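Hi there,

Here is the structure I promised to pass along.

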Amino acid sequence: MRRWFAGFLAFVGITAGCFSSCGMSSFTDEEIRAAAAELIEASIPINEIYFGKGLPAVAEDSDQAEAFSSEIRTDATLLSYLPVAEEAGYASIDDIKAATEEVYSQSYCTYLYEMAFFGISTDDAEASHARYQETESGILAVCKDLSVLDTRTYDTEENNIKVQKKSGNTAVVEVQSYIEGEADVKVSVQMLYEDGAWRLDSPTY
């Protein structure tokens, strides 16, 4: 009986240790802060694409705009769009997605893509048009009438980033944000380690 009880206690101890370790993270705070600093900094231009001024468009009186207008003459959904300027560095929706996936998790990318490439409509809010469209000939176009949020920047000095919690392949960090150079709120940012790399799993705009 004693042997059975001793064995049972040993089993419980091992099991408890297993469950305890499952809630822990194998990543150090330094690793998480370094990844957060890089990703949050990289999120600023990505946020500008989705929530800020968007990618720059060609001038409305340019040859590119005239050619675009001729192509979409019978497509009313594209009348409020202009071709994205070449200097933007993005020639397709796939280009935008590739840059986004270097920063944000797969689940958060899904939300961004729905909002930016299809538009979002809810019961209690006015429908938003897709920010970007592609024509049949492959021209990337940006909506001329965008709802623009203020550009938010961050203090991404690693020593100033606080790891609030970490567990398994997730972490939450806190970082000071700024709008037009003035200190604003401290933002808690969720992070997810997936496919061998850290990604942001919540918005930073």
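Tyrosine 111 sits in helix α5, which spans residues 106-117. Please keep in mind that this is a predicted model. With a relative accessible area of 34%, Tyr111 is partly exposed, because that value falls between the 20% and 50% cut-offs. Together with Leu149 and Tyr205, Tyr111 makes up a nonpolar surface patch, and the three share about 270 Å² of accessible area.

As for the chain overall, there are 5 helices and 10 strands. It has 205 residues, and 38% of them count as buried. The accessible surface is about 12,400 Å², with 51% of that belonging to carbon and sulfur atoms. If you look at contacts between residues at least 6 apart in sequence, 62% join residues at least 24 apart.

Next, helix α4, residues 93-100. Which of its residues are buried? They are Ile93, Ile96, Ala99 and Thr100. These residues cover an arc of only 125 degrees around the axis, so they lie on the same side of α4. Their cover includes helices α2 (29-50) and α5, along with strands β4 (132-134) and β5 (140-143).

The largest nonpolar core has 41 residues, and the members that touch the most others are Tyr50, Tyr132, Val173 and Met191. Two or more residues come from each of α2, α4, α5, β5, β8 (170-179), β9 (182-194) and β10 (197-200). Helix α2 gives the most to this core, with 10 residues. There is also a second, separate core of 7 residues, including Phe68, Ile72, Ala130 and Cys143.

Two residues are worth a click in your viewer. Setting aside neighbours within four places in sequence, Tyr50 is in contact with Ile96, Thr100, Leu112, Tyr113, Met115, Ala116, Phe117 and Arg131.

Is Ala35 buried or exposed? It counts as buried, because its relative accessibility of 15% is under the 20% cut-off. Beyond its neighbours within four places in sequence, Ala35 is in contact with Met191 and Trp198. Ala35 and Met191 are 156 residues apart in sequence, yet their C-alpha atoms are 9.2 Å apart in space.

Best wishes

Definitions and conventions: Residues numbered from 1 in each chain as written. Predicted model: local features only at pLDDT ≥ 70, side-chain atom pairs only at ≥ 80, totals over all residues. Heavy atoms only, no water. Helix = DSSP H or I, 4+ residues; strand = E, 2+ residues; numbered from the N terminus. Buried < 20%, exposed > 50% of the residue type's maximum accessible area, 1.4 Å probe, protein only. Contact = heavy atoms within 4.5 Å. Areas by Shrake-Rupley, 256 points an atom, 1.4 Å probe, with all protein chains shown as cover. Patch = residues over 30% accessible without salt bridge, like charges linked within 9 Å, V, L, I, M, F, W, Y side chains within 5 Å. Salt bridge = Lys/Arg side-chain N within 4 Å of Asp/Glu carboxyl O. Arc of directions from axis to C-beta. Core = buried A, V, L, I, M, F, W, Y, C linked by side-chain atoms within 4.5 Å.
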